[in-house]
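Here's a quick tour of one protein model, written for someone just getting started. Have a look at the picture first, then read on.

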Amino acid sequence: MLRRLLTPRWAASLAGLLVVVAACVLLGMWQLGVARDTGRQDAIAAAATMTREPLAAVTAPHRAFPPELSNRPVTVSGTYDASRSFVVVDRRLGDRTGSWVVTPLDTGAGTVAVLRGFVPGAPAAAPAPPAGPVTVLGTLGPGESPRTGDALQGAQRRSIDLAELVNEWPGDLYDAVVFASAEHAGPDASGATLGDPALTRVPPPTLDTPLNLRNAAYAVQWWVFGVFAIWMWWKMLRADEEAHGRAAAAPIPSTTDSTRESATT
């Protein structure tokens with residue numbers, strides 16, 4: 001079979017097969033990318049149309065954070081615990097490098113981490129939050145995995161690791177982070193707007209969204225076409241090999257037999 005593959009006919013067919021399979025793989029990957037982008041756009045659009053609800057109506061302390069809560073608009077009221085604020089270093093916002101400012105908000109029913117904003121550089125202490133009752137408007141996001149590195153100073157951390165904070169902050173902890181978009185004085189959003197000029201609000205994280213099923217199906221179809229092309233090429237190669245094998249095994253009339261048949265005639 002190897003000798004047959006080296007013949008001009010089958011060498012050309014193998015080259016053609018490789019081109020077809022490569023095209024099917026690339027087209028499938030392209031459709032998969034389209035499926036991901038479309039799914040992300042759909043999920044972001046759906047999240048933007050959700051009604052803003054109180055945090056307590058959406059989730060509860062120690063309750064697992066499901067993916068569908070990402071980017072969910074919420075409102076939450078409570079009092080900031082300034083003594084436990086920290087900054088998350090090595091973060092980017094656009095073309096700027098700096099830190100996130102995170103402060104625990106005591107809601108009465110539990111404590112939630114509020115990402116109040118972004119500051120340039122890596123300060124050793126977090127800017128002071130507003131005192132007294134506040135109402136935060138924002139969107140939900142999950143906590144982060146721990147990150148390792150060199151020792152940090154002051155109130156600096158490398159991530160919003162809720163598994164670590166649950167052992168450090170008193171009371172019950174929400175398994176979520178509120179990305180603040182606005183802060184108001186008082187127990188509801190009707191109070192005066194609060195803000196720190198040094199802070200820039202941080203947009204919600206990129207969603208981990210499901211695939212668009214139609215484009216994902218197109219991707220699978222292209223890959224199936226590639227597999228089918230390989231199978232058909234292999235079948236034709238085997239059929240050609242078997243045909244040549246039968247031809248080689250067929251008896252060839254000898255010269256003596258031909259002479260005898262002529263004499264008999």
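## The whole chain

Accessible areas here come from the Shrake-Rupley method with a 1.4 Å probe, and for residues only the protein chains shown count as cover. Worked out that way, the protein chain has about 15300 Å² of accessible surface, and 61% of that belongs to carbon and sulfur atoms.

Keep in mind that this is a predicted model: local features need pLDDT of at least 70, side-chain atom pairs count only at pLDDT 80 or more, and totals for chains, interfaces and linings use all residues. Residues are numbered from 1 along each chain as its sequence is written, and side-chain values use heavy atoms, with hydrogens and water left out.

The protein chain has 6 helices and 9 strands. Helices (H or I, at least four residues) and strands (E, at least two) are DSSP runs, numbered from the N terminus. Of the 265 residues, 35% count as buried; buried means under 20% relative accessible area, exposed means over 50%, and partly exposed is in between (1.4 Å probe, protein chains only).

Check out Thr 79: it stands opposite Pro 133 in strand 6, and its bridge partner in strand 4 is Asp 106.

## A closer look at Ser 159

Ser 159 sits in the loop between strand 7 (156–157) and helix 4 (162–165). Is Ser 159 buried or exposed? It counts as buried, because its relative accessibility is 7%.

The side chain of Ser 159 reaches the backbone oxygen of Ser 145 at 3.1 Å. Leaving out residues up to four places away in sequence, Ser 159 touches Phe 86, Val 88, Arg 91, Glu 144, Ser 145, Pro 146 and Arg 147 (contact means heavy atoms within 4.5 Å).

## Over to helix 5

Now for Val 224, which has its place in helix 5. Val 224 is partly exposed, because its relative accessible area is 47%.

Technical notes: A polar contact is a pair of N or O atoms within 3.5 Å; within protein, one must be able to donate a hydrogen and the other to accept it, and residues adjacent in sequence count only if both atoms are side-chain atoms. Two strands pair if DSSP finds at least two bridges between them.
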